[in-house]
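Reader: I have a structure to study for my course, and I would like to go through it with you. Could we begin once it is on the screen?

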Amino acid sequence: MALLPILEFPDPRLRTKAVPVDSAQISDPAFQRLLDDMFETMYEAPGIGLAASQVDVHKRFMVIDISEDKSGPQVFINPEILARTGEQVYQEGCLSVPGIFADVTRADSIDVRFLDRDGQPQQLQVDGLLAVCIQHEMDHLEGKLFVDYLSPLKREMVRKKLAKQRKLAGDAA
């Protein structure tokens, strides 16, 4: 397995809309290896979700594990949200926007249809953190980031803060 580089805001590649995964591709050893690499990258970061777009693979899939002990890995290929109910505000962070957290309003409960790691069709009704995580990662597949839910002023402040962090990290190297 290998760690993958994670694109960071404001990289324009994060704005790319992902294309569906061809179901014949799912059983390909290279695709399965990519899923493993994404899990390793997500766990190392550390995070609870990672969309393919964040590692510069613009296909519609993501990996998620909201368990405390990394025992609940889930793969969502070609996910679709069929229904949204309720509303919740959750403080979100993002591996592509390191060190930044903000309140985002999302649906409290969602019905989602997807293919699992083996290419089998699945449908789940989820709420709470898993619902937030799925919606967050699906935004990445649409070329959207959680900072897009912020005001233009706050988004610009985030961009400047990240630029400063990168400059300081470069100066320290």
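Reader: Is F31 buried or exposed?

Author: Please keep in mind that this is a predicted model. F31 has a relative accessibility of 5%, so this residue counts as buried. The cut-off for that term is under 20%.

Reader: How many aromatic pairs are there?

Author: The count comes to three aromatic pairs. In one of them, the ring centres of F31 and F61 are 4.9 Å apart and the planes stand at 65°, so the pair is edge-to-face. The angle limit for that label is over 60 degrees.

Reader: Which parts does the pair of F31 and F61 tie together?

Author: F31 belongs to helix 1 (residues 29–44), while F61 belongs to strand 2 (residues 61–64), so the pair links parts that are 30 residues apart in sequence. F61 counts as buried because its relative accessibility is 0%.

Reader: And what about F76 and F114, why is that pair called tilted?

Author: Their ring centres are 4.4 Å apart and their planes are at 45°, so the pair is tilted. F76 lies in strand 3 (residues 74–85) and F114 in strand 6 (residues 109–115), so this pair ties together parts 38 residues apart in sequence. F76 is buried at 0% relative accessibility, and F114 is buried at 6%.

Reader: Let me change topic to helix 2. How many of its residues are buried?

Author: Twelve of the 14 residues in helix 2 are buried, so the helix is largely enclosed by the rest of the structure. Among the buried residues are L130, C133, H136, E137 and L141.

Reader: What span does helix 2 reach?

Author: Helix 2 (residues 128–141) reaches 21 Å from its first C-alpha to its last. That is close to the 20 Å expected at 1.5 Å a residue.

Reader: Where is R15, then?

Author: R15 sits in the segment before helix 1. At 36% relative accessibility, R15 counts as partly exposed. Leaving aside neighbours within four places in sequence, R15 is in contact with F9, G143, K144, L145 and D148. The C-alpha atoms of R15 and Q54 are separated by 9.8 Å, and these two residues are 39 residues apart along the chain.

Reader: Which side chain does D65 join through a polar contact?

Author: The side chain of S67 joins that of D65 in a polar contact of 2.6 Å. Not counting residues up to four places away in sequence, D65 touches M42, Y43, I48, K70, S71, G72 and P73.

Terms used:
Residues numbered from 1 in each chain as written. Predicted model: local features only at pLDDT ≥ 70, side-chain atom pairs only at ≥ 80, totals over all residues. Heavy atoms only, no water. Phe/Tyr/Trp six-rings, centres within 6.5 Å; stacked < 30°, edge-to-face > 60°. Helix = DSSP H or I, 4+ residues; strand = E, 2+ residues; numbered from the N terminus. Buried < 20%, exposed > 50% of the residue type's maximum accessible area, 1.4 Å probe, protein only. Contact = heavy atoms within 4.5 Å. Expected span 1.5 Å × (residues − 1). Polar contact = N/O pair within 3.5 Å; in protein donor to acceptor, adjacent residues only side chain to side chain.
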